[in-house]
There are 2 protein chains.
Amino acid sequence: MIEEIPDIVISRLPIYLRELTRLAEEEGKLTTSSHELGKHLGISSAQIRKDLSHFGEFGKQGTGYHINYLVQQLRQILHLTREWNVAVIGAGYLGHALTHYKAFLDQGFHITAIFDNDPAKIGEQLDDIVVQDMADLEKTITELNIKMAILVVPANVAQEITDRLVDAGVRAILSYAPIYLKVPPDIQVSYSDPVVQMQRMTYYLA
Amino acid sequence: MIEEIPDIVISRLPIYLRELTRLAEEEGKLTTSSHELGKHLGISSAQIRKDLSHFGEFGKQGTGYHINYLVQQLRQILHLTREWNVAVIGAGYLGHALTHYKAFLDQGFHITAIFDNDPAKIGEQLDDIVVQDMADLEKTITELNIKMAILVVPANVAQEITDRLVDAGVRAILSYAPIYLKVPPDIQVSYSDPVVQMQRMTYYLA
DNA sequence: CTACAATTGTGAAAACTTACACGAATCAAC
DNA sequence: GTTGATTCGTGTAAGTTTTCACAATTGTAG
Ligand SMILES: NC(=O)c1ccc[n+]([C@@H]2O[C@H](COP(=O)([O-])OP(=O)(O)OC[C@H]3O[C@@H](n4cnc5c(N)ncnc54)[C@H](O)[C@@H]3O)[C@@H](O)[C@H]2O)c1
Ligand SMILES: NC(=O)c1ccc[n+]([C@@H]2O[C@H](COP(=O)([O-])OP(=O)(O)OC[C@H]3O[C@@H](n4cnc5c(N)ncnc54)[C@H](O)[C@@H]3O)[C@@H](O)[C@H]2O)c1
């Protein structure tokens with residue numbers, strides 16, 4: 001009775017959520033259909049219906065989906081009805097950009113700690129928090145019950161810091177370091193490497 | 001005789017390239033095997049061999065792959081043997097971080113133009129280039145033969161700027177704006193949205 | 001009340017992707 | 001030379017994901 005839901009399905013849910021929110025807020029829509037949603041996202045309507053059907057029956061034949069209701073359901077599925085404390089590791093260019101990024105807070109991700117090992121950066125005020133010494137990493141992560149981290153340190157220290165994060169109780173890491181991270185199987189990792197993305201695209205540029 | 005190579009294969013090639021380069025530079029290796037490469041990347045050796053076999057026979061039984069040779073081949077396949085001029089649109093936090101990011105230059109991506117529409121930012125020196133007015137977008141893109149752009153503007157202007165980029169001749173866009181972009185079918189788009197990535201991971205955090 | 005258009009949820013088919021497993025090649029050791 | 005350990009490239013099987021297509025339901029218009 002335990003249905004294992006494919007990760008590829010899970011990874012589309014935040015996209016649906018994002019577009020549904022936009023449809024409601026910016027276009028003032030109250031309902032939508034799988035066809036309309038798909039057209040806005042370049043995804044087939046059948047795919048959207050199939051994806052959602054893994055979790056329940058959220059729509060009505062003839063009518064479509066009530067946006068607010070579906071948003072609420074998706075947020076529940078993705079565990080977004082609570083707030084998440086997040087640590088940023090690395091107070092460099094990218095660490096600054098991410099810490100200032102308002103969309104995190106809007107979606108319930110609170111960046112409650114930033115760490116660096118550069119004495120020149122430790123103590124720096126960044127928005128409403130202060131850059132902490134890496135020496136305090138484990139202590140702060142435990143105290144603030146931080147389960148998610150964003151890794152924005154150089155590649156050559158990314159693995160060792162990952163190990164420390166995992167040992168300290170972090171369960172999900174979004175890494176911008178251009179290196180594959182080895183973690184235990186129950187730890188989530190997500191990567192972002194613009195160079196890799198650019199290199200994929202150049203293939204198609206004759 | 002025209003073999004269509006799956007995009008999912010293409011998207012792994014930059015990852016192989018990245019790790020091969022690392023193996024050569026940091027571990028001083030001259031050769032490697034599909035098994036070793038796979039172990040470093042969490043990918044099966046069969047997958048790596050199958051992927052590479054789409055393009056030719058680059059390895060030797062019993063020995064594996066000569067790293068330098070394979071790197072050279074991958075760079076050719078991905079059209080990385082030439083240099084690419086890149087425009088950054090939006091001189092905000094993220095635009096600054098990306099423009100300073102040295103890895104682009106290392107890989108042959110030259111950020112040769114940055115644009116913004118904020119008078120306070122136009123004229124600002126950013127590394128060795130100057131932030132230009134959006135009014136000059138089409139002219140500069142044409143003159144510098146720019147085919148790739150990185151989009152780091154607010155979501156509500158992302159589509160209209162995309163349309164201008166495409167009209168000006170840009171063929172590939174890496175977008176950080178949290179919105180799906182409508183483009184003609186021959187235009188490449190790649191997205192990066194940390195909120196979406198975080199929301200995927202929270203699903204797995206009970 | 002009926003006819004019609006819109007739309008869902010879903011079983012089955014099709015398409016795509018990954019994993020398996022093996023012949024053939026290579027090299028080192030003896 | 002022969003043996004044994006490696007490793008590739010690939011045909012085939014297995015597994016995953018997407019698409020198709022349709023019965024069932026809903027709302028609207030006459
Ligand atoms: N800048 C970009 O646009 C960009 C884009 C994608 C990925 N990246 C990657 O993200 C990471 C950070 O990039 P950045 O541009 O912010 O670099 P950066 O050099 O500006 O910042 C890195 C920060 O990490 C800190 N640091 C170094 N070693 C540390 C350690 N052992 N413990 C704690 N902190 C440490 C440094 O003091 C610095 O503040 C790099 O891996 C980079 O490859 C950067
Ligand atoms: N900051 C982050 O860490 C982060 C991460 C992921 C995605 N994003 C997304 O990337 C984009 C940029 O983020 P940011 O934090 O750099 O924002 P920002 O506000 O710092 O920068 C946006 C820049 O775009 C410029 N701009 C606005 N309208 C413009 C127009 N019509 N033409 C040209 N330029 C225009 C602004 O003047 C500003 O300089 C946003 O879409 C954001 O959602 C940001």
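This is a predicted model: local features need pLDDT of at least 70, side-chain atom pairs count only at pLDDT 80 or more; totals for chains, interfaces and linings use all residues.
Local features need pLDDT of at least 70, side-chain atom pairs count only at pLDDT 80 or more, and totals for chains, interfaces and linings use all residues. Residues are numbered from 1 along each chain as its sequence is written, chains are lettered from A and ligands numbered from 1 in the order written, and side-chain values use heavy atoms, with hydrogens and water left out.

Start with the symmetry. Two copies of a chain are related by a rotation about an axis and a shift along it. Contact means heavy atoms within 4.5 Å.

Now the interface itself. Chain B puts 61 residues into the contact, and chain A puts in 61 residues. About 5800 Å² is buried between chain B and chain A, with 66% of that area from carbon and sulfur atoms. Buried area is the accessible area (1.4 Å probe) that two parts lose on being put together, summed over both. On the chain B side, Met198(B), Tyr203(B) and Leu205(B) lose the most area to chain A, together 12% of what that side buries.

Next, the polar part. Between chain B and chain A there are 27 residue pairs in polar contact, both residues at pLDDT 80 or more. A polar contact is a pair of N or O atoms within 3.5 Å; within protein, one must be able to donate a hydrogen and the other to accept it, and residues adjacent in sequence count only if both atoms are side-chain atoms. Helix H9 (residues 194-204) of chain B gives the most to the side that touches chain A, with eleven residues. Helices are DSSP runs (H or I, at least four residues), numbered from the N terminus.

Four salt bridges link chain B and chain A. Each is a side-chain nitrogen of Lys or Arg within 4 Å of a carboxyl oxygen of Asp or Glu. Asp7(A) pairs with Arg200(B), the closest N and O atoms being 3.1 Å apart.

Finally, take His96(B), in helix H5 (residues 93-100) of chain B. Beyond neighbours within four places in sequence, His96(B) contacts Ala91(B), Glu124(B) and Leu126(B). A polar atom of the His96(B) side chain lies 2.8 Å from the backbone oxygen of Gly92(B).

Notes: Helices (H or I, at least four residues) and strands (E, at least two) are DSSP runs, numbered from the N terminus.
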